[in-house]
Amino acid sequence: MSTRPLSPAKQAAENLGNRLREIRKGADITGRALADATGWHFTKVSRLENAGKTPTEQEIRLWCQICDAEEQIPDLLASVRALESMYQEHKRRTRAGMKQLMRTSVPLYERTNRFRIYEHNVIPGLFQTPDYAAAMLRFWIDFLDTPNDLDEAVETRMSRQKIIYRSEKRFEVLLEEQALRTWFGNAATQTGQLERILVVESLPNVRLGIIPMMIERPCVASMGFWIYDERLVLMETPTASIEVTMPSEIELYEQIFDLLAHVSVYGESARSLVRAAIEDLTPTN
């Protein structure tokens, strides 16, 4: 017997159906009784609970009203809205090139006032130098076989960085020390990038924390993630962009961020880790 993992969208649909079933059973209502109360055919309840049909927002509201579970409506609506967008293939998104992919994030940046960013092995794009960005993007253009628009993509990424100079925007950034020591490009590229971090860290609307290696810590995040206000969490895998919009799940990422922030170092302690990484890149005679 062989199995294969469910796609994230399929898994999310099944999770939603399971939650609807739990709500109905928690209210001690049978499937037929729920169907009678809504005026639906009795098979519709089964299809909704078994991910055979994605519920509409109106159906979610009606289900929760009948089951006296209206407090569940915001999370369930977020799940429905996320089903189509939570897992987008990079192949589809990058057909027009990396430049166009990066432009799609500009409206989100404009709407967001508080950015909480965690990265474990890379410097966030908003803080990258042109050389560092080019070294990263060159790999992804080849790996994903997208149109080679490297120069335009780097220019677009640099243009997006203007947002960090806007005083009404707040940037809380947590980097693993490993991110300071993961190379993209050569030693000169990495040195320039680390020096850039020292400049950005001094901005009044940027708070940079670094999580030292070899410390006792409360948790480990499996990948980098960005929290946009309290509305969205975005993660990038090698082949996909994953969006989290369910309020209860966003709260979990906020909790992880706070736990990691608690063991981060700031100010002079953080700058010392950056300078130490620079010194390790400097040849000794």
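**Figure 1. Confidence and overall make-up of the predicted model.** The average pLDDT of the protein chain is 87. A score of at least 70 is reached by 87% of the residues. The model is predicted, not experimental. Over residues 1–7 the pLDDT falls below 50. Beyond near neighbours in sequence, that stretch has two contacts in the model. Where pLDDT is low, the predicted coordinates should not be read in detail. The protein chain holds 14 helices and seven strands. Of its 285 residues, 48% are buried. Take the contacts between residues at least 6 apart in sequence: 75% of them join residues at least 24 apart.

**Figure 2. Glu176 in strand S3.** Glu176 belongs to strand S3, which spans residues 170–176. Its relative accessible area is 9%, so Glu176 is buried; the cut-off is under 20%. The side chain of Glu176 makes a polar contact with the side chain of Tyr118, at 2.7 Å. Leaving out residues up to four places away in sequence, Glu176 touches Tyr118, Glu119, His120, Ile210, Ile211 and Arg217.

**Figure 3. Glu172, also in strand S3.** Strand S3 carries Glu172 too. Glu172 has a relative accessible area of 16% and is therefore buried. Its side chain makes a polar contact with the side chain of Arg114, at 2.7 Å. Residues up to four places away in sequence aside, Glu172 touches Arg114, Phe115, Arg116, Ile117, Arg207 and Phe257. Leu208 is 36 residues from Glu172 along the chain, yet 6.2 Å separates their C-alpha atoms.

**Figure 4. Aromatic pairs between strands S2 and S5.** The whole structure contains 11 aromatic pairs. Phe115 and Tyr228 form an edge-to-face pair, 5.8 Å centre to centre, with 65 degrees between the planes. This pair links distant parts of the chain. Phe115 is in strand S2 (residues 114–119) and Tyr228 in strand S5 (residues 225–228), 113 residues apart. Phe115 is buried, at 0% relative accessibility. Tyr228 is buried as well, at 3%. Tyr118 and Phe225 form a tilted pair: 5.5 Å centre to centre, 35 degrees between the planes. That pair again joins strand S2, through Tyr118, to strand S5, through Phe225, across 107 residues. Tyr118 counts as buried at 1% relative accessibility. Phe225 is buried with a relative accessible area of 1%. Tyr118 is also the residue whose side chain makes the polar contact with the Glu176 side chain.

**Figure 5. An aromatic cluster, and two arginines over rings.** Tyr109, Phe115, Phe171, Trp226 and Tyr228 make up one aromatic cluster. The charged end of Arg207 sits over the ring of Tyr266, 3.8 Å from its centre. Arg207 is one of the residues touched by Glu172. The charged end of Arg32 sits over the ring of Phe42, 4.1 Å from the ring centre.

**Figure 6. Two nonpolar cores.** In soluble globular proteins, nonpolar side chains tend to be buried together. The largest nonpolar core here has 34 residues. Leu126 and Leu180 have the most contacts inside it. Helix H14 (residues 267–281) supplies the largest share of this core, six residues. Neighbours within four places in sequence aside, Leu180 is in contact with Ile123, Leu175, Gln190, Leu194, Ile197, Ile210, Leu273, Val274 and Ala277. A second, separate core has 18 residues, including Leu20, Trp40, Cys67 and Leu77.

**Figure 7. Helix H5, mostly covered.** Helix H5 runs over residues 73–82. Eight of its 10 residues are buried. These are Ile73, Asp75, Leu76, Leu77, Ala78, Ser79, Val80 and Ala82. One of them, Leu77, is included in the second core.

**Figure 8. Glu279 on helix H14.** Glu279 is found in helix H14. Its relative accessibility is 57%, so Glu279 counts as exposed; the cut-off is over 50%. Thr191 is 88 residues away from Glu279 in sequence. In space, the two lie 8.9 Å apart, C-alpha to C-alpha.

Definitions and conventions:
Residues numbered from 1 in each chain as written. Predicted model: local features only at pLDDT ≥ 70, side-chain atom pairs only at ≥ 80, totals over all residues. Heavy atoms only, no water. Helix = DSSP H or I, 4+ residues; strand = E, 2+ residues; numbered from the N terminus. Buried < 20%, exposed > 50% of the residue type's maximum accessible area, 1.4 Å probe, protein only. Polar contact = N/O pair within 3.5 Å; in protein donor to acceptor, adjacent residues only side chain to side chain. Contact = heavy atoms within 4.5 Å. Phe/Tyr/Trp six-rings, centres within 6.5 Å; stacked < 30°, edge-to-face > 60°. Lys NZ or Arg CZ within 6 Å of the ring centre and 35° of its normal. pLDDT = per-residue confidence, 0-100. Core = buried A, V, L, I, M, F, W, Y, C linked by side-chain atoms within 4.5 Å.
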